[in-house]
Amino acid sequence: MRFPLVKEIKSKSGELHFRRWAIVETAWLRIYLHFIAAPDYDLHLHTHPWHFFSLVLKGTYVEQTVDKDTIRIAPTIAFRWYNTAHKILRVLLPCWTLVFAFGKRKEWGYRLKNGNFIQHDVYRRLKHDGKLDLFDFLYDTDHPYGHGALCSSAAPLSNIPCSMCGVFK
């Protein structure tokens with residue numbers, strides 16, 4: 001039985017980073033097979049839209065979270081809440097993981113240096129435009145959402161994103 005390839009991430013130079021095959025995709029549960037060939041090259045840790053368990057089937061990688069780095073060696077299991085920021089710091093041996101995801105809460109995003117969250121599409125746009133470092137620096141101003149130099153229209157409630165940049169606090 002072949003499962004559909006639903007995501008593939010490559011670097012600009014064509015280096016394979018990650019592949020995801022869907023085994024099960026429903027509104028309540030997703031089961032994916034991941035092949036991880038390279039670390040996350042983004043500067044910041046990212047979050048996922050759902051809670052998940054990840055079982056390392058083969059290989060070894062180092063995962064970075066806010067408070068520590070952890071070596072993941074087959075056959076270890078990790079549980080992550082949707083708001084747990086992490087990234088793959090190093091791939092020591094190419095990895096195969098089985099992921100059980102459930103409970104979608106929000107969209108993908110990134111945790112900035114000061115702990116605030118930015119939506120993935122905004123992050124990617126800033127990175128592509130070469131403005132991510134500037135945004136991260138200006139994010140530490142006295143604006144309610146931390147980015148007063150860039151934004152003049154932030155929503156007053158914490159569960160509503162800024163209308164300019166999509167950042168939640």
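**Ground rules**

I am working with a predicted model, where local features need pLDDT of at least 70, side-chain atom pairs count only at pLDDT 80 or more, and totals for chains, interfaces and linings use all residues. I number residues from 1 along each chain as its sequence is written, and side-chain values use heavy atoms, with hydrogens and water left out.

**Entry: strand β7**

I started with β7, residues 77-80. Strands here are DSSP runs of E with at least two residues, numbered from the N terminus. The covered face of β7 carries Ala-78 and Arg-80, while Ile-77 and Phe-79 are on the uncovered one. I then looked up its partner: β5 (residues 51-65) pairs with β7 in the antiparallel sense over four bridges. Pairing requires that DSSP finds at least two bridges between the strands. One bridge I noted joins Leu-55 to Ile-77 in β7.

**Entry: aromatic rings**

How many aromatic pairs does the structure hold? I find nine. The rings of Phe, Tyr and Trp (its six-membered ring) pair if their centres lie within 6.5 Å; planes under 30 degrees apart are stacked, over 60 edge-to-face, and the rest tilted. Phe-35 and Trp-96 make a tilted pair, with 4.9 Å between centres and 45° between planes. Phe-35 belongs to β3 (residues 29-36) and Trp-96 to β8 (residues 86-102), so this pair ties together parts 61 residues apart in sequence. Phe-35 is buried at 15% relative accessible area, whereas Trp-96, at 30%, is partly exposed. My cut-offs: buried is under 20% relative accessible area, exposed is over 50%, and partly exposed is in between (1.4 Å probe, protein chains only).

Next I checked Phe-79 and Trp-81: their centres are 4.9 Å apart and their planes at 85°, so I log the pair as edge-to-face. Phe-79 is partly exposed at 27%. Phe-79 and Trp-81 also belong to one aromatic cluster with Phe-53 and Phe-102.

**Entry: charges over rings**

My criterion is NZ of Lys or CZ of Arg within 6 Å of the ring centre and within 35 degrees of the ring normal. Lys-7 lies over the face of Trp-108, 5.5 Å from the ring centre. The charged end of Arg-20 sits over the ring of Tyr-32, at 4.7 Å from its centre. I placed Arg-20 in β2 (residues 16-25), and with 8% relative accessibility it counts as buried. The C-alpha atoms of Arg-20 and His-34 are 4.6 Å apart, although 14 residues separate the two along the chain.

**Entry: salt bridges**

My search of the whole structure gave seven salt bridges. Each needs a side-chain nitrogen of Lys or Arg within 4 Å of a carboxyl oxygen of Asp or Glu. Glu-63 and Arg-72 meet at 3.0 Å, N to O. Glu-63 is buried at 3%, and Arg-72 is buried at 11%. Which residues do salt bridges with shared partners join into one network? They are Glu-8, Lys-10 and Arg-19. Within it, Lys-10 meets Glu-8 at 3.9 Å, N to O, and Arg-19 bridges to Glu-8 with the closest N and O atoms 2.4 Å apart.
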